[in-house]
Amino acid sequence: MNPFIELGIRHDIVNAISELGFETPTPIQEQSIPVLLTGSNDFVGLAQTGTGKTAAFGLPLLELLDFEENYPQALILCPTRELCLQITNDIKNYAKKMGNVHVVAVYGGAAISDQLRQIKRGVQIVVATPGRMLDIINRKAIDFTKVRFVVLDEADEMLNMGFQEDIDSILSTTPEEKKTWLFSATMPTEVRRIAKKYMNEPFELTMGEKNTGNVNIEHEYYIVRARDKYAAFKRIVDFNPDIFGIVFCRTKIETQEIAESLIKDGYNADSLHGDLSQQQRDKVMKRYRDRNLQLLIATDVAARGIDVSDITHVINYSLPDEIENYTHRSGRTARAGKTGVSVSIINAKELGKIRQIERGLGKRFVKVEIPTGFDVCEKQLFSIVHKVNSVEVNEQQIEQYLPRIMEEFKDMSKEEFIKRFASIEFNSFLDYYKNAPDLNAPVEEGRRFERSDDRSSDRGNAFGGSGKSEYTRLFINLGSVDEFNRGDLLGYICNQTKISGRTVGKIDVKGVYSFFEVQHGDVEKVTAGFKDADFKGRPVRIEISGEGSSESRSGGGYPRREGGYSGNRERSGGGERREGGYNGASRERSGSAGTGFRDFSGKRREDRPERRRRF
Ligand code: AMP
């Protein structure tokens, strides 16, 4: 018998998921489906992304709801538009062979009118990001009084993004007796707190060790000097000719810079970040999904929830500030039982942070040496050999050219031909990598780490926090007409200024402008971050609001780590973080630019052969 039938899922759903290739339930599905199918429990599932969570709650929902009725019976809240669309799409696919199942995706950055129309037509399952959901509730355009199930997916991330208050407001419109199912990759105190607040003796399920990442992910790190970071990164990519990767940077600007440099250097790369229009983002994602793009350079927020199969490498070009973000990043690879590698390129000062992440995940990271130029050439050569061996020949198309090709090579021996053929790309690598220096930085374990590392270890324990609570209210000339909701605006501000979302206070999105609160100590950083910034060709203006500062809202507000964060932040000084981040990288690159954009081989980067247009 099909194991999903044994779990209690009916035939038409099982048939649909069989077509998706679901033959056996994943561990989380196996354990949670029977519990959720009873429909009588609140539920907390501690599960990494990529473990089959969506079907774990989606299949039971399809069993439990009454699809003869056309009112909202289930609400799924998730942090990002991408995840929202993905869940909607997945559930529609599971329900493909059922009748009258209506699932609507509600998210910011798209026309609200379409979403309202779909809701009006009748819907049983609403999948939503909190900001837009609240907007629709405030317009009194949806009735949640008969909702039976609420799913909070990636709850940790929703809290990270400051959605606590929105979630509170949304849930207050649903009935007391509904069941709440919460899924989270990590279980920080805030998530524990909301589990306690919204749930009644929930059934708890932990897949694997608490906070342990996917076991199929190998974690590696390379230690390089800051100035060699970009060269080292390229060498890692070159050493992995079939890489299909996501490269994480900390800021929008860094993603853009890295993507631009890579494109200039002949790599097949593009960037994904919050400042792109929805259309641009969709376009980049389509190219990536279709594997017409080999390297996606992304910010944390933009890449959240991306489910693309067969990603081979996650590369942390800059380490994230939070262990949770590292888990989310690395979870983009090794999905659905596959294996993958999460690579961090660090400088010696960041080793403390690696140790901290290791402790958090309960996993040992492997230190790997940056390959030598010779290693890269050898790897590339055998990749070419392998490709020649396994290439699919289009007999029909090539036939007409064969006589001419044969004529051309008629006097060449097989050995000579193979040698020359393999040399076509190999030569360019040989040329590029001749005299390539060793990029591994010397490092002594146990050395004193700089304040940036100490700071982050403080931060790891800084949940909750209290202390400093004064905020400065800032004006920004962007608002809902620019298709920002609060979450989007928060992401944009953080990307632009490198301040953490948790330190941002209240955000009021108006029509053509908005207000947001930041800690006093961050005001300069915010104004500097927006200096010369423009949004779709319009200069972005930041001003201190005339209304003065406001008190932090205690409890129930945006989850902040006021005490821990602001204190640490101030200690570190504004510029320190930038050393290892964008500014450092930028300086490093402009250093090369100073020598006419020449690489260590002496060859102009632009002169490198165009390659990897497709792979
Ligand atoms: P999720 O954690 O829900 O994002 O799922 C991660 C990936 O695993 C998605 O691409 C799913 O389509 C896939 N998946 C989920 N359940 C199964 C299953 N039982 N068998 C095979 N693939 C699955």
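Helix α11 (residues 229–239) is largely enclosed by the rest of the structure, because 10 of its 11 residues are buried. The buried residues comprise Lys-229, Tyr-230, Ala-231, Ala-232, Phe-233, Lys-234, Arg-235, Ile-236, Val-237 and Asp-238. The structure described here is a predicted model.

**Ligand site**

The ligand is surrounded by 15 residues, and the closest are Thr-24, Gln-29, Gly-52, Thr-54 and Asp-307. By class, this shell contains 4 nonpolar, 8 polar and 3 charged residues. Both domain 1 (3–206) and domain 2 (217–371) contribute to the shell, with at least three residues from each.

| Residue | Protein atom | Ligand atom | Distance |
|---|---|---|---|
| Thr-24 | polar backbone atom | nitrogen | 2.9 Å |
| Lys-53 | polar backbone atom | oxygen | 3.2 Å |
| Thr-54 | polar side-chain atom | oxygen | 2.6 Å |

On its own, the ligand has 500 Å² of accessible area, of which the protein covers 82%.

**Helix α4**

Helix α4 spans residues 53–64 and includes Leu-62. Leu-62 has a relative accessible area of 0% and is therefore buried. The C-alpha atom of Leu-62 is separated by 7.2 Å from that of Ala-95, although the two residues are 33 residues apart along the chain.

**Strand β1 and its partners**

Strand β1 covers residues 43–46; Phe-43 and Gly-45 point one way from the strand, Val-44 and Leu-46 point the other way, and all are buried. Strand β1 runs parallel to strand β7 (residues 203–206), to which 4 bridges join it. Within that pairing, Val-44 stands opposite Glu-204 in β7. Strand β1 also pairs in the parallel sense with strand β6 (residues 179–184), again over 4 bridges. Here Phe-43 is placed opposite Trp-181 in β6.

Elsewhere in the order, strand β12 (residues 313–316) runs parallel to strand β13 (residues 340–346) and is joined to it by 4 bridges. Asn-316 stands opposite Ser-344 in β13.

Strands of a sheet pair through backbone hydrogen bonds, in either a parallel or an antiparallel sense.

Strand β17 (residues 514–519) is mostly covered, with 6 of its 6 residues buried. Ser-514, Phe-516 and Val-518 point one way from β17, whereas Phe-515, Glu-517 and Gln-519 point the other way. Strand β15 (residues 470–476) pairs with β17 in the antiparallel sense over 6 bridges. The bridge partner of Phe-475 in β17 is Phe-515. Strand β16 (residues 507–509) likewise pairs with β17 in the antiparallel sense, over 3 bridges. In this second pairing, Ile-507 stands opposite Phe-516 in β17.

Terms used. Residues are numbered from 1 along each chain as its sequence is written. This is a predicted model: local features need pLDDT of at least 70, side-chain atom pairs count only at pLDDT 80 or more; totals for chains, interfaces and linings use all residues. Side-chain values use heavy atoms; hydrogens and water are left out. A residue is near a molecule or strand if one of its heavy atoms lies within 4 Å of it. A polar contact is a pair of N or O atoms within 3.5 Å; within protein, one must be able to donate a hydrogen and the other to accept it, and residues adjacent in sequence count only if both atoms are side-chain atoms. Accessible areas come from the Shrake-Rupley method with a 1.4 Å probe; for residues, only the protein chains shown count as cover. Ala, Val, Leu, Ile, Met, Phe, Trp, Tyr, Cys and Pro count as nonpolar, Asp, Glu, Lys and Arg as charged, and the others, Gly among them, as polar. Domain bounds come from an automatic or database domain assignment. Two strands pair if DSSP finds at least two bridges between them. Helices (H or I, at least four residues) and strands (E, at least two) are DSSP runs, numbered from the N terminus. Buried means under 20% relative accessible area, exposed over 50%, partly exposed in between (1.4 Å probe, protein chains only).
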